[in-house]
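Please keep the model open while reading this note. The points below go helix by helix.

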Amino acid sequence: MDDTIQDATALIIDSNANSRSLMSAQLRDLGVGTVRQTPRVKDARVMLEHQTFDIVLCDYHFDVSDTSGQDLLDELRREGLLPYSTVFCMVTSEATYAKVAEAAEAALDAYLIKPYTSANLAERLASARLRKRVLRDIFEAIENQDFETAANLCLARFEAKGKYWLYAARIGAELLLRLKRYDDARSLYEAIIAAKTVPWARLGVARTELGSGKLQAARRTLENLIGELPDYADSYDLMGHVQMEQGELQEALKTYQTAATLTPGCLLRLQRCGTLGFYAGQRSEALKMLERAMSLGLRSKLFDMLSLVLIGLLRFDAKDFKGFKYAHDALSAAIERAPGSVRLRRFALVFRGLSYLLDRRVGQALVVARELSEDADSGDFDLEASSLLTALWIRLSSQEVELEEMLPILRELGVRHCTTKASTEILVAMTEGHLGAAEQYRGCHHQIFNVAETAMRYAMRGSAKAAVELLIQQGEITRNAKLIDMAGLVLKRHAEKIDGEAELTQRIEALHGRYVKPMAGGPTKASRATGGVALRTAATAPA
């Protein structure tokens, strides 16, 4: 072992007390300074979120939980909660070797097959810690958000077939995707496939196609991959994302459910299925999955508080006062832990409005809906917030009161957030069958589509400046991210033909900075690098 092993801290995660005791003794014999233990994944998740460990030994199978060690690792990696310096070693039986071996090529640092000796453990840990040191310059560049330098270091190691070239290539491809160098990323993935066929590289090709807007190509690549490797859960995650982009909510839900079935203890997939099930109208199944996610990881950083609001809506509709209060209390506790969160404050307003409706205090509920509607003009009022505001107004309208103000408010939300088929269908789903509201949202999507189509006609006929000015004008009026993004893309493509480019760029950047925001949560949240290595930077690392 290396000279710094005596300063290392280790965490053992295993449901068997004898195994924990044995591993603890082995680590101490190797010189590890501090060793902690836990029998439950649930507790381990919280410990890893709040403390940095140099070594983690985790069993694959847990007797009293559906969550596997691989589920835990996937979630921690996706959320950037494991520093690069941490060595994560999976301990598995012969029966689960194939799954762990596949994972080892992706994100695992090491794995051990039971029974193993202290010498086996020492060899695996020493090798993994060496790899961390050899690739330190790459990791440090990523931590400092110098992605170009990190990508070039990865490419150089891949081309020279230097030590750990495959792992470096995967990180390099991830960096190229982040830098939106999709053609370069695809070339690298294809070179990896030619040198050593691995599932994540083939999935990477689909990710480059999705990033380039080639949805049908991505879909074909994923269909082939799923056909050959039906147990590779990450493929279903990305396929579901493609189906969402194409507005196929029901198909996306089936795909996500397959991924969740393959990894029943994965908190992120449970919530994704539950949330999409809510939007797709499968409410009983949605409630089951969301409440299971709540029971598994309510206090985890991986738990999305949107799940509590959806549970609250489902319990409200069922007139389940006890279930509604439980979800409301859980959100109140979360707000106490993060009192400055604007997102949680909006969730609290939705709960307050629903509480008033349950108590038949319609007037107070109307005041809350108006308060939340006033907030809709702010730059960070995203699709998620708009969907929940829609849900509140629709439930108010069912109380046999005249609400002339409702449809104009929903129209403002529609022209801003009906950017794709998926976002439009989410808003339509929140109308709960209210024909006027649903038709209005679909009309908003049609309006935005027409503006975009008109602008493209201008550009194709040689009037690129007129196209950009139209998109900026309509972007200012509607605050629609699709139109604002299109203005930037058209300007960039035809910059040499457009007078006053600098002034137009300034206007677009101002609109982009204010209104083009990533969604805070839900199934349309930006994909967490499905099938990729999470790039943990200094900016994203938890305190």
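1. Start with Leu314, which lies in helix α16. Helices here are DSSP runs of H or I with at least four residues, numbered from the N terminus. Leu314 is buried, at a relative accessible area of 8%; buried means under 20%, exposed over 50% and partly exposed in between, with a 1.4 Å probe and protein chains only. This is a predicted model, in which local features need pLDDT of at least 70 and side-chain atom pairs count only at pLDDT 80 or more, while totals for chains, interfaces and linings use all residues. Residues are numbered from 1 along each chain as its sequence is written, and side-chain values use heavy atoms, with hydrogens and water left out.

2. What does Leu314 touch, not counting residues up to four places away in sequence? The answer is Phe278, Arg283, Ala286, Leu287 and Leu290, where contact means heavy atoms within 4.5 Å. Ala286 is 28 residues from Leu314 in sequence, and their C-alpha atoms are 8.9 Å apart in space.

3. Helix α16 (residues 306–317) also pairs with helix α20 (residues 383–397): their axes come within 12 Å and cross at roughly 15°. Axes are lines fitted to C-alpha atoms, for helices over the stretch in contact, and angles run from 0 to 180 degrees between N-to-C directions. The crossing angle makes α16 roughly parallel to α20, a term for angles under 35 degrees. Among the residues that meet are Leu306, Val309 and Leu310 in α16, and Glu384 and Leu388 in α20.

4. Helix α23 (residues 435–460) and helix α25 (residues 481–493) pack at about 10°, with axes 10 Å apart. That makes α23 roughly parallel to α25. In α23, Ile448, Val451, Ala452, Met456 and Ala459 meet Lys482, Leu483, Met486 and Val490 of α25.

5. Helix α26 (residues 501–515) has 15 residues and reaches 21 Å from first C-alpha to last, close to the 21 Å expected at 1.5 Å a residue. The expected span is 1.5 Å times one less than the number of residues. Its buried residues are Leu504, Ile508, Leu511 and Tyr515. They cover an arc of only 65° around the axis, which puts them on the same side of α26; the arc is that of the directions from the helix axis to the C-beta atoms. These buried residues pack against α21 (406–417), α24 (464–478) and α25. The face turned away from the buried side carries the exposed residues Ala502, Gln506, Glu509 and Ala510.

6. Helix α13 (residues 249–262) has 14 residues that should span 20 Å at 1.5 Å a residue, and its end C-alpha atoms are 20 Å apart, which agrees. Leu249, Ala252, Leu253, Thr255, Tyr256, Ala259 and Ala260 are buried in α13. Seen down the axis of α13, the buried residues fall within an arc of 165°, so they line one face of the helix. Their cover includes α12 (233–245), α14 (267–279) and α22 (421–429).

7. How many of the 13 residues of α10 are buried? In α10, 12 of the 13 residues are buried, so to a reader the helix is mostly covered. The buried residues include Pro199, Trp200 and Arg202. After α10 comes Gly213, with a positive phi near 85°.

Notes: Helix = DSSP H or I, 4+ residues; strand = E, 2+ residues; numbered from the N terminus. Parallel < 35°, antiparallel > 145°, perpendicular 65-115°, else oblique.
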